[in-house]
Amino acid sequence: MKNLSFKIKTTILITVITSILCAICMSIIGIAGFRAANSETQQKLVRAVERNVDEIEYKNGTLEIENDFAFYSNGVYCNVYSEDFNLLKGEIPENLSDPGEFENETVRKAKIDGENYYFYDSRLDFFKYEYEIDAFTGTILSCENDTVQTKTESAYKENNDISGGIGLDKATEIAIADAGISEDDIFSIATEYQHESKRDIYKVEFTLKETTLDSVWIRGIVLSNSSDVYLAVNRVILYLIPAFILVAALCAYMISKKTIGPVEKITRSAHEINSGNDLTRRIEIGEGNDEIYTLADTFNEMFARLQDSFESEKQFTSDASHELRTPLAVIKAECDFAMSPAADDEDKEEAFESISEQTDKMTHLVNELLILTRAEQSTEKFNFQNINLSELIESECQKFVPQKGISLTSDIEKDICLTVDVSLVGRMLDNLLSNAVKYGKENGKIKVSLIKADKQVILSVKDDGIGIKEEELPKIWSRFYRADTSRGEVEGFGLGLSLVKRIAALNNAEVEVKSVYGEGSEFLVKFFKN
Ligand code: ADP
């Protein structure tokens with residue numbers, strides 16, 4: 001797993017999670033469906049049996065099954081059995097010839113020959129007698145024995161006997177006599193006079209305490225389709241889960257590809273930039289605001305900084321070699337000349353003087369380069385301490401001996417204390433003062449001041465020298481940069497101000513220059529109080 005790509009890992013993870021969720025959901029759906037199917041089958045069975053209850057009755061003492069009795073309907077077999085469980089009428093599945101035990105109004109399940117069946121039995125007890133008796137002649141028109149769902153004691157008698165008729169009491173008597181029972185056996189009785197289109201009749205209904213007619217059973221049988229449902233659900237799950245896994249894996253792969261795509265692009269670009277050493281190239285992943293685009297921007301900023309840094313390093317090396325080449329060429333030429341037979345002693349002396357001068361120049365350049373490099377790489381161990389800066393500046397000014405008849409004055413606010421590196425600040429001031437002299441006029445003036453401003457301590461070195469053209473002001477801090485006016489006329493390598501800037505930064509200060517070309521310059525070092 002460790003060695004797999006992020007894309008594959010994400011794909012596997014999402015696929016596994018989706019598959020598990022999908023399996024859980026499907027199982028829940030399957031179980032719910034299975035239960036619903038079972039319960040639906042049972043309800044169907046009970047409904048079929050109950051519907052048939054009304055289709056069986058005794059007419060004039062003979063058991064009659066109405067034509068509407070549904071022996072088979074909607075997958076449910078309904079059969080009629082005698083009280084002693086003999087099949088009276090109906091069809092049953094072949095393998096169910098044995099009726100098994102009967103149990104009134106209970107759904108039961110049985111496995112027969114590997115198939116699941118539900119059974120539901122309803123026992124019909126014929127407690128109810130329904131007589132229709134001619135109101136005038138007392139003739140029994142019909143007699144039915146029926147089942148009663150609930151035996152209530154509330155009996156009603158209507159005393160609307162018709163004149164000339166036999167009367168309700170007589171009709172009741174006829175009915176009871178026909179049924180062959182005594183009045184003590186009757187649980188409840190209801191009578192009613194009805195006038196029909198052709199005749200007048202008395203309806204006499206009574207329920208018995210004990211029935212005298214044989215009971216019958218209706219048995220409903222249905223094949224449980226739960227196993228079908230189970231199989232169907234299983235089949236669906238069997239097909240659906242792999243399909244889901246496939247879809248989930250595809251989606252996961254697409255998502256992770258889309259997510260990781262820009263990261264891969266960044267990695268590829270960074271790798272190409274790294275291997276090709278082409279720092280001018282940038283990562284291009286289009287426009288966007290999310291984390292990936294921020295990452296690309298950060299990389300691009302880093303490449304830009306690296307490019308700047310490498311280019312200035314390259315420039316630095318080329319400038320440094322260039323500066324060293326001139327004195328080396330002079331030394332070589334002087335040596336060749338001094339060694340030639342044409343050179344007399346005086347020529348040789350001149351040559352040696354020139355060689356010595358060029359060597360001093362080179363030494364000076366190398367020293368300056370060394371200091372600058374150390375300061376820039378911060379490899380030198382600096383010694384920062386809280387000192388009286390006023391005293392340091394004052395003593396440096398006193399030590400400095402200006403040439404060209406230039407006068408140096410100072411205006412130093414007393415007892416300004418700061419944490420700085422004494423030797424670095426001394427070198428910085430020396431560079432500024434040397435420049436003020438180098439680029440100052442004969443008999444000119446230099447003024448050094450140190451003041452405490454709001455949150456800063458400001459050191460100023462001001463001269464009335466040649467000044468710097470406005471367009472050159474931003475460039476003078478670069479290494480090896482020399483203004484046009486300085487080249488050839490004044491000695492130098494263009495490293496002094498770079499060192500000043502670096503020393504200022506190391507001492508928590510920043511530099512600034514104000515200059516008017518032809519009138520003079522002021523260099524400001526602004527220390528932040530610490
Ligand atoms: P260098 O003095 O060796 O040329 P610096 O880095 O000290 O190098 O100065 C860079 C350039 O800035 C100089 O060549 C010069 O043109 C300009 N410069 C520095 N200081 C002054 C100054 N006080 N007055 C006028 N120009 C100056």
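Q: Lys and Arg count as positive and Asp and Glu as negative, leaving out His and the chain ends; how far apart do the centres of the two sets lie?
A: This is a predicted model, where local features need pLDDT of at least 70, side-chain atom pairs count only at pLDDT 80 or more, and totals for chains, interfaces and linings use all residues. Residues are numbered from 1 along each chain as its sequence is written, and side-chain values use heavy atoms, without hydrogens and water. The protein carries 58 positive and 91 negative side chains. Placing each charge at NZ of Lys, CZ of Arg, CG of Asp or CD of Glu, the distance between the two centres is 9 Å.

Q: How are the rings of Trp 477 and Phe 523 arranged?
A: Rings of Phe, Tyr and Trp (its six-membered ring) pair with centres within 6.5 Å; planes under 30 degrees apart are stacked, over 60 edge-to-face, the rest tilted. By this rule there are 15 aromatic pairs. Here the centres are 6.0 Å apart and the planes at 80°, so the pair is edge-to-face.

Q: In which strand does Phe 523 lie?
A: Trp 477 and Phe 523 are both buried (under 20% relative accessible area, 1.4 Å probe, protein chains only). Trp 477 sits in the loop between β17 and α8, and 46 residues separate it from Phe 523, in strand β19.

Definitions and conventions:
Lys and Arg count as positive and Asp and Glu as negative; His and the chain ends are not counted. Helices (H or I, at least four residues) and strands (E, at least two) are DSSP runs, numbered from the N terminus. Buried means under 20% relative accessible area, exposed over 50%, partly exposed in between (1.4 Å probe, protein chains only).
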